[in-house]
Structure formats: structure tokens, C-alpha cells
Amino acid sequence: MTGQRSFYIHSLHEKYGPMVRISPTEVAVADLDAFREIHKIGTKYLKSEWYQQLANFPKAGIFTMIDPREHGPRRKLLSRSFSRSYLLEHWESTVREKVVLCVSQIKKDATKDVADVYHWWMLLASDVTAHLAFGESFNMLQTGQANEFIRVLKKLIMAAGIMVEAPILRLFRFVPIPAVQEIFNCNEYIFRGADRAVELARSRSGEKNVFAKVIEDSEKEGEGTIDDMDVRIEASNVIIAGTDTTGVTMTYLTWAVLQRPGLQKALEEEVAQLPERFTENDLLDLPLLNAVIEETHRLYGAAPSSLPRIVPQGGSQLGGYYIPQGTTVSTQAYTFHRDGKIWSDPLTFNPYRWIASKEGGPAEANSPDAKLAFHPFGVGARSCVGIHLARMELRYATAFFFRECKGIKLGARTTPETMEFENFFLVTPKSHRCEITYRKDQMLGQ
Ligand code: HEM
């Protein structure tokens, strides 16, 4: 309830070791072999029912489905529409245009006064996912504001997050205060809004969304059917899963780099070398840009919390303990990404650990343990289906930002305290703001 779960579990691992029983029915696991066993391909450790309570939709969607026989076909259908090759062919220019607009809005605000990059990176991420999911732009980067659909969706996520941890609060839905009722009864509004996604997915002309291909593929192969309610749910899922994650990651990336003038200068110089009409493929070749993104995922990953799974029938031996069947075992990236046995000086933001040394020595992040432990996008069959979209957005946003906003500084009101993590499955900066500026009188340390 106080948004501290992952940090508290991490402190328990530091005190008691890699296997900690955190409730009568749940064990927190920070042992690498156990992690591999729980998340390996074909695993029998399935997602726990916690996910379905979290989403609270009328039907399960890709994120909440438990049975692999149900999840597998749905995953296959969505994966094609979110594959790197499909995105490059159909959506790269949309992502690029939105990033360009977002960076120009940031620059405008930062020149006049201060720009809140948390606000702008969130709008970018929701404009991108909403455009893909609905097939038309929500134009939020133009207006500088989230529209009603996104505002209600955020309330829905907040209510779900509270109810999953404290189910008793479901009773709030009966409190006759409109503002409270609105928070706990927004499903209906969302599904009415998501009708537009269904309409455009099924339209034979005009703008298309990613679900047009999903429907086409499902009809073609008769494999994994998808009805209108599924489209509504998956469209909402894509926006929920793809907004705060990408927005928060870009916010922490900006913050981490602007605190280090030497790194900022090196990154500005690297992206300045890009050709005028650079593409995502050009960005793949930039070592520092990609290293900065990976290091942000390691230390400030947006989804670092417990991924709860259930011990299968017969129980299992994990981390030297027998764990009975039905127990929840949860692993958290927050702890694996800070393990001092895997990462040198683990609490320091050091992108160079991702780059091979000039003498040809391997990058620290290339060690087998680091490769296994690093999982900002989850693991195995349940890893993030939006990974290529997220990576494309992050690369473009980083490149355009550090090309266009050279020498920009953190605002005076943005400090390590305001950027401290708050954790409700995802993490966000406590202040929900991150200010940057060109104005000397507004800068940190002036
Ligand atoms: C930096 C950005 C992102 C991060 C850090 C992130 C992280 C994650 C993580 C950790 C999981 C696994 C959750 C679990 O096992 O409980 C996941 C799953 C998922 N993500 Fe992302 N995500 C990001 C962006 C996106 C985007 C842009 C989309 C939009 C398509 C998306 C859609 C999904 C979906 C649908 C799943 C469920 C996949 C399944 O269960 O098969 N994510 N993500």
C-alpha cells in the first residue's frame, strides 16, 4: 500500500539470502539457478491468479491468461503484429514523427521555462500505443494533454493496483460519491471507447490498426480465434502495458544522463554523427546510445517487481529448499539487477559496462550470469510482446532528444529525493515530474 514492496523484498534478500519466505504462501527467489528453472521455455511454473485480479477485465487477455494452451495461440497472433520486421515496415514512420513532435514540445517548454519530461515522455508512449491499438492518432502530443480515454484508463489501473493488494477496498465501489464510483467503475467506459479499435480493425478501408492484421491472421489460419471483446481487451492491454513502462524508462534515462555532463556530451557527440534521415537500423550501430538504454533498464527498469508463478504439482527443489506445490514463487528484476556477484559496483549508473573494452576485453554485461540475470522485459514465454516497439521508441527518443536538446540541464526542483522510486508493480518517480531547462535561473545548482 505504500509503494515499497520491491525495495522491502530486496532488503530481506540482503539480510536473509536468496530464498525468503515472505508470506505463508509466497517465497521470494533471488537464486540464479532457481530463476532459470522457474522461467525456462516450456516451464510448468505458470502465472499466478494475481494477474487476473490485477487486470479485472470480463475475459482474460494475453497478459493474464494462465493456461499455456490458451496463451500460446494468442501470443502467436499478437507477436506477428509486434515483430520487429512488421513494425519497421508499417509503424516506424509513425513512431519517428511522434518522437520528433515530442522533442520539439520539450525544447519549446525548456526554452521558455521548464519542461516536465515525465509528462512528455508519457504522452509520447501513450500516443504511440494508442495509435497502434486504435489505428488513429489521439493527438495528445499536439494538445499537450492526455485525452479522456487515457485519463480513465489510468484510473482503472490505479483502482486495479489498489484492489489486488487489498481486495476489501472493492467495497468502495458502493460508496455514493461520484469521484470514488468513477475510479472503481471505469471498465464500462473503457470498453465503450475501445469499440473504435474494433471498428477500425474490421474496416476494410481507411486507417488500420495492429488488430486488423491479428484478425486477418486468425481468419487465415483458423488458429486462435479473436472476437470483438478480445480486441477491446487487447487494445486496452497494449496501451496499459506500453505507456507508463516506456514513459518512465525515458524519464529515468534523461535524468541519469543529465546528472553526468561527461556522459551527456559523449552521447550528444555520438548522435550528432547520424545522417540527416537516419533510421532505426542506423541507431542499432550506436554503442553508447544502446549502452545507455540498457543501463537504464538495469538500474531504473520500469517493471522490476515480483513476477509471481505457482510451483507445479509434486512440489520442487529450488535454491536448496523443498517448496510444496501451489506455493507462489516470485523473482524480481530489482534484486537480480543489483546483485554484487554479477555486476561490479552495482548501484552505479555505468553504461560502459555494456561496451567491450578498447583492448577487446568482453563487456561486463556479456558474462553468462549477467545475460541470464538481466530481464527488464520479463522472461521466457511470458516476456514482453512489445519489446521491439519499446526499443524502437527508446532509441528514437534518445537519439532525437540528445541531438536537438544539446547542453540542456536538470531543473532545480528535480533532485534525487523527487526522483526516488514509488513501486506499484511498475515504478515511477515519487514526484511524478522530472524537470529540465535551458533557463539559467531554473537550473539545478544555480
Ligand atoms: C520499456 C518498456 C517496457 C517494459 C520495461 C516492459 C516490461 C514487461 C515485463 C517485465 C513483462 C512481463 C510481465 C510478467 O511476466 O508478469 C511484460 C509483458 C508484456 N508487455 Fe511489456 N514492457 C514494456 C513495453 C511494452 C509495450 C510498448 C507493449 C505494447 C505492446 C507491451 C506489452 C506487453 C504485453 C502484452 C505483455 C504480456 C505478454 C505475455 O504475457 O505474453 N510492453 N512487459
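Helices (H or I, at least four residues) and strands (E, at least two) are DSSP runs, numbered from the N terminus.

The structure is a predicted model, in which local features need pLDDT of at least 70 and side-chain atom pairs count only at pLDDT 80 or more, while totals for chains, interfaces and linings use all residues. Residues are numbered from 1 along each chain as its sequence is written, and side-chain values use heavy atoms, with hydrogens and water left out.

A second residue with positive phi is Asp345, which is not glycine and has a phi near 45°. Asp345 is found in the loop between α18 (333-336) and α19, and it counts as exposed because its relative accessibility is 53%, where buried means under 20% relative accessible area, exposed over 50%, and partly exposed in between (1.4 Å probe, protein chains only). As background, most residues other than glycine have a negative phi.

By contrast, Arg74 counts as buried, at 7% relative accessibility, and its place is in helix α4 (residues 68-81). Leaving aside residues up to four places away in sequence, Arg74 touches Ala60, Gly61, Ile62, Met65, Thr225, Ile226, Asp230 and Glu234, a contact being heavy atoms within 4.5 Å.

The iron atom of the ligand has Cys384 (SG) as its only protein donor, at 2.3 Å; donors are N, O and S atoms within 2.8 Å of the metal (3.2 Å for Na, K and Ca), and sites may look incomplete because water is not among the atoms. Cys384 itself lies in the loop between α19 (368-373) and α20 (387-404).

Axes are lines fitted to C-alpha atoms, for helices over the stretch in contact, and angles run from 0 to 180 degrees between N-to-C directions.

| Helix pair | Angle | Axis distance |
|---|---|---|
| α9 (residues 148-165) and α14 (residues 228-258) | about 80° | 11 Å apart |
| α15 (residues 261-272) and α20 | roughly 105° | within 8 Å |

The angle between α15 and α20 makes them roughly perpendicular, since angles under 35 degrees count as roughly parallel, over 145 as roughly antiparallel, 65 to 115 as roughly perpendicular and the rest as oblique. In this packing Gln264, Leu267, Glu268, Val271 and Ala272 of α15 meet Thr398, Ala399, Phe402 and Arg403 of α20. Helices α9 and α14 are likewise roughly perpendicular to each other, and the residues that make their contact include Phe149 and Leu153 of α9 and Ile239 and Thr243 of α14.

Turning to the strands, two of them pair if DSSP finds at least two bridges between them. Three bridges hold β4 in antiparallel pairing with β12 (residues 435-437), and Asp116 stands opposite Glu435 in β12.

Elsewhere, β1 (residues 19-23) and β2 (residues 26-29) run antiparallel and are joined by four bridges, forming a hairpin with two residues between the strands. In this pair, Ser23 stands opposite Glu26 in β2.
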